[in-house]
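Trainee: Could you walk me through this structure? I am new to the model and would like to ask questions as we go.

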Amino acid sequence: MDTALIGLIAATLVALVFLFLTRRPDESLPSDSEAEPESREAQGDAAQRALRAESPSRSTPSLGQQDTAPGARSPLAQPATATATATETAARELPAEPAEARASAEAEVAAKATPDQAAPTTQAGEAVGPPDNEAAEEQPQDRVAALKRGLAGTRGGFITRLAKLFSAKPEIDASLIEDIEEVLITADIGVKTADRILTHLRERMNAGALEDEDAVWRCLREQAEVILSVDAGSMRLGEHKPSLLLIAGVNGVGKTTTIGKLASKYTAQGRRVLLAAGDTFRAAAVLQLEVWGQRVGCPVVKGKEGADPSSVVFDAIKRAERDGYDLVIADTAGRLHTKQPLMEELKKLQRTASKALGGRPVDEILLVLDSTTGQNAVQQMYMFREALDIGGVVLTKLDGTAKGGVILGIVDEHKVPVRFIGLGEKVEDLREFDATSFVRALFEKPSGETMAA
Ligand SMILES: Nc1nc2c(ncn2[C@@H]2O[C@H](COP(=O)(O)OP(=O)(O)O)[C@@H](O)[C@H]2O)c(=O)[nH]1
Ligand SMILES: [Mg+2]
C-alpha cells in the first residue's frame, strides 16, 4: 500500500516536472503592456549608446523619462495636466504596434541615425568618444567638397552637359548662349529662372565681358548666388521658450527623417527638444517619429491614430511650457496636397498652434520639398503657401537626383530661403544651406582644374 502511494506521488511529481519543462516560454511573460517598459528600456540603452557615439559631450535626457516609456515615469514627476494625461492614455490605447513594424522602423532609422564613420569601440562594443559628426569646425573647402559629393547626380547631369558645350564651341557667341539656355531648362531650373540667368549672360556678352569659358562659369555662379541669397535673416527659433518649428510637406518628401536629423542637431547644441507627432493620419508615421525620438533622446507627444493634429501640437506646446523645453518640432500629415481637407487641417493647425503660443505666430514653418520631383516641388510650394505661412524650405534628396537645379527655380519663383538641404539619409547628411558654398560646389567646372576666382 505504502509503496503504491509513494509510486503515485513520484509519478505525479515526474508529470509536474515534465509539464514545467515543456511549457511554452511566452507563458511566463507578463501581458504586453507590462513587458513594454522593459523592452523600451532595452531600446533606450541602444539609443543612449548611439547618442554617446554621436556626441560624447552631450548630456541627454534619460529615455526612461519619456512619454513613450510610461512605465518608467518617476513617481516624483509633477502631476500631469488633463491634456497630457489624455495624450499618454491615448498613446497606450493605440492598438499594439506589430512587432515587425517597430523592428523594421527601428532598423531603418538606426541605419540613418548612425554616422558613416564607425565610432571607436571598446571590447564590449561601447562607444568611447568618436568625433562629433556635426561639422562645427568645417573649413569652407571641406564644405564645398562634401557638397560636391552630395551633388554628384546633378553635377553629372546638367553641369557636365554645360562643360561639354564649352569644349564643343570654344567661342562665346549667341548660339552658345542658346545652347546654355536649353541645358538650364532641361535641368529643372524652370523657364523663367533660366531666362533670367540667360538675360544676364547676354548682357555681359554684349558688353564684351564674357571673354572665355571661365567668365561664363563665373557669371553663372554669380547669378545663381544672387537668386539663392534670399534676405530673410536667420530662423527665429531662439526668441521664445518654447519655440515651435512646424514641418510640412507631402507624403514621402522626407519630413519625419528631417525632423529626426534636426532634433539631433539641436539637441547637440544643448537645446531641449520635444517632438510632436502631428501626422496622425498614418500609424507608421507616429512609430517612425517615436523611433527617431528614442535614437536622439527626445520625447514624443502623440495622440490616437486619426486624432486631430491640432490637439497633439497644442498638447506638445503646453507640455513644453510646463517642462521647460526650448523647442517643439512638429510633424504634420502630407496626404495628397491636392485634397482640400489637408489644407484646411493645416490652416487649423497653424491657428491652434498660434493660440497655444499665446497669440504669437508660429515661430518657423518649413516646407520640405523632394528635389527628385523637379518642377512639381515648385507647384507644391504654391499649394502649401495658401494654407501656411511658409518661412523657408528644406530641399531633400539632392544626393539622388540630376534635378538639383530645381533649387534655383523654387527660390526664384517664391523668394523663400532654403534653410537646409538633404544630401542623404543619415543624420549628418542634413546640412544648413549656405548659398556661396552651394553655388561653388554646383557650378565648379567638372574638369578637375581649379576654378577661376
Ligand atoms: N537619399 C535621400 N533620402 C532621403 C533624404 N531625406 C529623406 N529621405 C528618405 O525618403 C524617404 C521618406 O522619408 P520620410 O521622412 O518618411 O518622409 P515623410 O513621409 O515626408 O515623413 C525615407 O526613406 C527617407 O530615408 C535625403 O536627403 N536623401
Ligand atoms: Mg512622415
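**A first look at the model**

Mentor: Asp 188 is buried, with 29 other C-beta atoms within 10 Å. A residue counts as buried if 20 or more other C-beta atoms lie within 10 Å of its own, as exposed if 12 or fewer do, and as partly exposed in between, with C-beta atoms placed from the backbone. This is a predicted model, in which local features need pLDDT of at least 70 and side-chain atom pairs count only at pLDDT 80 or more, while totals for chains, interfaces and linings use all residues. Residues are numbered from 1 along each chain as its sequence is written, and chains are lettered from A and ligands numbered from 1 in the order in which they are written.

Trainee: Where is Asp 188 found?

Mentor: Asp 188 belongs to the loop between helix H7 (174-186) and helix H8 (191-206). Its phi is positive, about 65 degrees, although Asp 188 is not a glycine. Helices (H or I, at least four residues) and strands (E, at least two) are DSSP runs, numbered from the N terminus.

Trainee: And Lys 415, is that residue buried or exposed?

Mentor: Lys 415 is exposed, with 11 other C-beta atoms within 10 Å. Lys 415 also has a positive phi, about 55 degrees, without being a glycine. Its place is the loop between helix H15 (406-414) and strand S7 (418-422).

Trainee: How many helices and strands does the protein have?

Mentor: There are 16 helices and eight strands. Of the 453 residues in the protein, 42% are buried.

Trainee: In which order do the eight strands form the sheet?

Mentor: The order is S3-S2-S4-S1-S5-S6-S7-S8, in an open sheet with mixed pairing. Strand S3 (300-301) and strand S8 (430-432) stand at the edges with a single partner strand each, so one side of each has no neighbour in the sheet. Two strands pair if DSSP finds at least two bridges between them.

Trainee: What holds paired strands together in general?

Mentor: Strands of a sheet pair through backbone hydrogen bonds, either parallel or antiparallel.

Trainee: In which sense do S2 and S4 pair?

Mentor: Strand S2 (residues 273-276) and strand S4 (residues 327-330) pair in the parallel sense over four bridges. Leu 274 has Val 328 in S4 as its bridge partner.

Trainee: What about S7, which strands does it join?

Mentor: Three bridges join strand S6 (residues 392-396) to S7, and these two run parallel. Val 418 in S7 is the bridge partner of Val 393. From S6 the chain crosses through H15 to S7, and this β-α-β crossover is right-handed. The term means that, with the strands pointing away from the viewer, the path from the first strand over the helix to the second runs clockwise. S7 also joins S8 through three bridges, and that pair runs antiparallel. There, Gly 422 has Leu 430 in S8 as its bridge partner.

Trainee: How many residues of H12 are buried?

Mentor: In H12, 11 of the 15 residues are buried, so this helix is also largely enclosed by the rest of the structure. Among them are Phe 314, Asp 315 and Arg 319.

Trainee: One more: which peptide bond is cis?

Mentor: The bond from Lys 241 to Pro 242 is cis, with omega near 0 degrees. Pro 242 lies in the loop between helix H9 (213-228) and strand S1 (243-248).
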